[in-house]
Amino acid sequence: MEDVVGINETGLKLFSETLLKYRDDIKLILDKYSDVMKKSDLYYQGEAADLMRKKFEEFSSNFIIVKKSFLTYSNDMITLVDTYVRNDSSNIMLEK
């Protein structure tokens, strides 16, 4: 049997859309998390609380990277489909 190389265009497009939905969901969760931490000084004070908020602030800088990664992965799936379709079409045209 010959090796077959291909992609499922519909599946990859759905995967791309799913990644965007997850990014939106994660953004909402991370935004709420940040809001809770910012308001924590109303009910949690002292050296330990300040340290916790400082650590959170350092950690939260990664949120942008996480959200951007989901967008990048989604775009990569669309690019893969577009490239595959373009290359597949080129191969078909050459064979005629």
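Ser40 lies in the loop between α1 and α2, the latter spanning 47-60. The structure is a predicted model, in which local features need pLDDT of at least 70, side-chain atom pairs count only at pLDDT 80 or more, and totals for chains, interfaces and linings use all residues. Residues are numbered from 1 along each chain as its sequence is written, and side-chain values use heavy atoms, with hydrogens and water left out.

Although Ser40 belongs to a loop, the residue is buried, at a relative accessible area of 2%. Buried stands for under 20% relative accessible area, exposed for over 50%, and partly exposed for the range in between, with a 1.4 Å probe and protein chains only. A polar atom of the Ser40 side chain lies 2.7 Å from the backbone oxygen of Met37. Such a polar contact is a pair of N or O atoms within 3.5 Å; within protein, one must be able to donate a hydrogen and the other to accept it, and residues adjacent in sequence count only if both atoms are side-chain atoms. Beyond its neighbours within four places in sequence, Ser40 is in contact (heavy atoms within 4.5 Å) with Met52 and Arg53.

The chain as a whole contains three helices and zero strands, and from the N terminus its elements run α-α-α. Of its 96 residues, 18% are buried. The exposed surface comes to about 7800 Å², of which carbon and sulfur atoms supply 59%; accessible areas come from the Shrake-Rupley method with a 1.4 Å probe, and for residues only the protein chains shown count as cover. Among contacts with a separation of 6 or more, 72% join residues 24 or more positions apart.

Helix α1 has 31 residues and reaches 45 Å from its first C-alpha to its last, close to the 45 Å expected at 1.5 Å a residue; the expected span is 1.5 Å times one less than the number of residues. At the start of α1, a side-chain oxygen of Asn8 comes to within 3.2 Å of the backbone nitrogen of Thr10. The buried residues of this helix are Leu12, Ser16, Leu19, Leu30, Ser34 and Met37.

Which residues make up the largest nonpolar core? Leu12, Leu19, Phe70, Met77 and Val81 do, five residues in all. The elements that give two or more residues to this core are α1 (9-39) and α3 (62-95), and the largest share, three residues, comes from α3. A nonpolar core is a set of buried Ala, Val, Leu, Ile, Met, Phe, Trp, Tyr and Cys residues joined through side-chain atoms within 4.5 Å. In soluble globular proteins, nonpolar side chains tend to be buried together. Setting aside residues up to four places away in sequence, Met77 touches Leu12, Phe15, Ser16 and Leu19.

Ser74 is also found in helix α3. With a relative accessibility of 1%, Ser74 counts as buried. Apart from residues up to four places away in sequence, Ser74 touches Ser16, Leu19 and Leu20.

Another buried serine is Ser34 of helix α1, with a relative accessible area of 13%. Its C-alpha atom is separated by 8.8 Å from that of Glu57, 23 residues apart along the chain. Not counting residues up to four places away in sequence, Ser34 touches Phe56 and Phe63.

Four aromatic pairs are found in the whole structure. The ring centres of Phe56 and Phe63 are 5.9 Å apart and the planes lie at 70°, so this pair is edge-to-face. The rings of Phe59 and Phe63, with centres 5.5 Å apart and planes at 90°, are therefore edge-to-face as well. Rings of Phe, Tyr and Trp (its six-membered ring) pair if their centres lie within 6.5 Å; planes under 30 degrees apart count as stacked, over 60 as edge-to-face and the rest as tilted. Tyr33, Phe56, Phe59 and Phe63 form one aromatic cluster.

Notes. Helix = DSSP H or I, 4+ residues; strand = E, 2+ residues; numbered from the N terminus.
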